[in-house]
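Trainee: Could we go through this model together, step by step? I would like to begin with how its parts meet.

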Amino acid sequence: MNAPRTLFEKIWDAHVVADETIDTPAILYVDLHLVHEVTSPQAFSELRARGLKVRRPERTLATLDHSIPTLPPAANGERPYVTPEAKAQVTRLGANCHDFGIELHGWDSDQRGVVHVIGPELGATQPGMTIVCGDSHTSTHGAFGALAFGIGTTEVGHVLATQCLLQRRPKTLAIHVDGELPPGVGAKDLILHVIGEIGVNGGTGHVIEYCGSAIEALSMEARMTVCNMSIEAGARAGLIAPDATTFAWLKGRPRVPQGTAWDAAVAQWSALKTDAGAHYDREVRIDARKVKPTVTYGTHPGMAIALDAPVPAAHDALDQRALDYMHAVAGKPMQGTPVDVVFVGSCTNGRLPDLREAARVLRGRRVAKNVRMLVVPGSEAVRRAAEAEGLHEVFRSAGAEWRLPGCSMCIAMNGDMAKPGQLVVSTSNRNFEGRQGKGARTVLASPATAAASAVAGHVADPREYLKADVAEEQAA
Amino acid sequence: MNPVTQVRSRTAVLRDENIDTDRIIPARFLTTTTREGLGKVCFNDWRHQADGSDNPAFPLNAPGAQGCAILVAGRNFGCGSSREHAPWALLDYGIQAVLCSEIADIFRSNSLKNGLLAIVVGEAEHRWLLDHPGIELTVDVREQTIVRPGAGSVRFELEPFARHCLLEGVDQLGFLQQHGDAIAAYEQRMGKAA
């Protein structure tokens with residue numbers, strides 16, 4: 001009988017082309033390579049310089065998301081790029097995809113969107129796969145029981161040319177989340193809470209497997225939110241065993257097997273779970289019942305607390321510097337902090353249920369005076385679905401801007417950014433100094449908290465705005 | 001990659017912990033399509049004041065830090081975004097080695113592939129280095145040692161393949177291509193052939 005294996009080990013073992021030795025890393029096969037405009041041009045240049053082809057163009061999928069404008073084109077069709085360089089970068093990706101035979105979801109595609117939103121939407125992301133992209137939030141795809149992680153541009157070149165990577169096997173970390181999340185508390189609160197517990201470097205060198213009853217109860221979109229932020233704890237990948245929720249979500253999507261092939265695939269995917277008695281290098285337990293609406297108060301995602309909890313005292317001068325940058329005061333909660341900008345979107349929280357969550361708070365209400373709110377759908381498909389439900393009208397009536405899909409203010413390289421000193425409540429993934437614009441201050445939060453903060457004009461508890469919904473959940 | 005056998009320089013120190021790759025190079029400078037010339041925007045928003053002049057509070061702007069090729073940084077350097085523009089920018093700025101008690105995975109991998117020595121040192125050694133900016137060090141890849149004049153040397157761990165590639169200037173893409181037959185055999189075996 002084979003030794004019990006973790007989910008990670010099963011996927012890893014099935015992708016080893018050559019075993020690792022003391023002297024050399026393993027050669028790991030990549031099933032799906034996602035490409036975007038920012039981290040790929042130098043890799044394509046390398047292939048050109050060496051006269052190489054893309055080994056498996058059909059295992060490569062490209063989109064535009066990072067440096068593209070989210071405002072519509074002018075009457076003459078000209079898109080409002082932030083700089084000529086941004087436009088040139090987008091043009092370059094188009095040329096590279098054309099020359100190397102790669103499918104690109106560009107401006108003319110009704111499936112364009114943030115790379116980590118469209119992979120799953122298209123069914124390109126499937127359980128048991130290895131998936132890489134020149135983007136650290138590739139961990140998102142782990143929600144489907146895929147081993148998915150971010151790579152650098154040199155490695156993008158390796159995968160383009162050989163469909164393989166040189167990798168040392170990482171360690172494993174199990175995060176068990178048991179119990180039920182309280183009403184009004186969601187996946188974003190949970191993952192911020194987890195990172196607050198294990199620290200911004202708590203997962204370094206590890207692949208995280210999220211398990212337990214609270215994880216099993218999450219929707220696919222919520223699982224993506226959780227896995228997305230694995231890298232914010234230093235883990236390159238985070239994954240969740242595929243189950244009936246996963247299969248129901250994927251069924252019928254364009255790139256998944258159809259008919260009897262689908263049944264065979266589900267049978268195979270159903271074996272993708274950690275065996276009883278398998279060993280993890282580390283294990284952490286989290287009680288879901290203790291999670292509250294959670295926000296960040298400092299300058300990395302590990303500085304996270306319940307929004308009504310007092311900001312912890314600084315341990316040292318570096319901590320104090322972070323509090324000073326944020327204008328946070330030890331002993332005072334973040335709740336009540338005045339807000340200038342609210343951003344709902346990104347690969348963390350730019351999917352349809354995220355937009356619904358924000359709209360539930362905003363329906364019949366107004367964004368506070370002096371607060372600017374941007375709502376940016378994660379993809380064209382999300383945009384269409386949201387507009388079909390009238391969510392865009394909810395946002396617009398409330399005074400928020402409804403934009404075209406893209407990374408937008410999460411990475412703030414397309415011109416969507418905050419001004420120095422402004423405080424942004426953001427559903428994105430990073431609150432680093434200057435991440436959302438030079439001198440901008442970021443408070444990470446769930447879509448509900450972001451929307452409540454937009455209405456209140458200060459960091460606000462969404463449960464106050466969802467009383468009817470919360471009461472209903474409690475009754476049920 | 002050109003071989004890198006050792007780096008000898010005075011050290012410059014950035015005591016901050018969790019220096020992320022957005023701080024090393026802010027995202028708005030990532031619209032480039034080449035690797036070159038990013039040193040001028042390395043640490044851009046930390047290094048410069050609002051009017052574009054040098055920020056006197058940025059440690060690498062101090063006169064003593066000029067020309068230093070070895071950076072000693074606070075714990076968990078290079079966390080966050082996978083952008084390889086971070087090591088490209090550091091190298092172009094003149095940094096050839098980063099010494100730290102903990103370095104984020106993707107940044108370390110990217111750095112070593114570009115000949116930037118991202119070296120993890122022990123906690124005690126790290127504290128000592130943070131407290132002694134400007135000392136002359138030799139980081140020796142072959143011996144896996146950091147040599148301090150008059151204070152002996154300390155050994156560091158380095159993944160054997162990364163060390164081999166640094167010393168010999170091995171082209172990792174070329175190495176992978178040599179395994180083309182094994183890759184094709186894997187694709188056949190697993191039903192993944194084109």
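Trainee: How much area is buried between chain B and chain A?

Mentor: This is a predicted model, in which local features need pLDDT of at least 70 and side-chain atom pairs count only at pLDDT 80 or more, while totals for chains, interfaces and linings use all residues. Residues are numbered from 1 along each chain as its sequence is written, chains are lettered from A and ligands numbered from 1 in the order in which they are written, and side-chain values use heavy atoms, leaving out hydrogens and water. Carbon and sulfur atoms give 57% of the buried area (accessible area, 1.4 Å probe, that two parts lose on being put together, summed over both), and the total between the two chains is about 4,900 Å².

Trainee: Which residue of chain B forms a salt bridge with R55(A)?

Mentor: Between chain B and chain A the count is ten salt bridges, each a side-chain nitrogen of Lys or Arg within 4 Å of a carboxyl oxygen of Asp or Glu. In the one formed by R55(A), the closest N and O atoms are 2.6 Å apart, and the partner is E187(B).

Trainee: Which helix supplies the largest share of the side of chain B that touches chain A?

Mentor: Helices here are DSSP runs (H or I, at least four residues), numbered from the N terminus. Several of them, including α3 (85-93) and α4 (105-113) of chain B, each supply at least two residues of that side. The largest share, seven residues, comes from α8(B).
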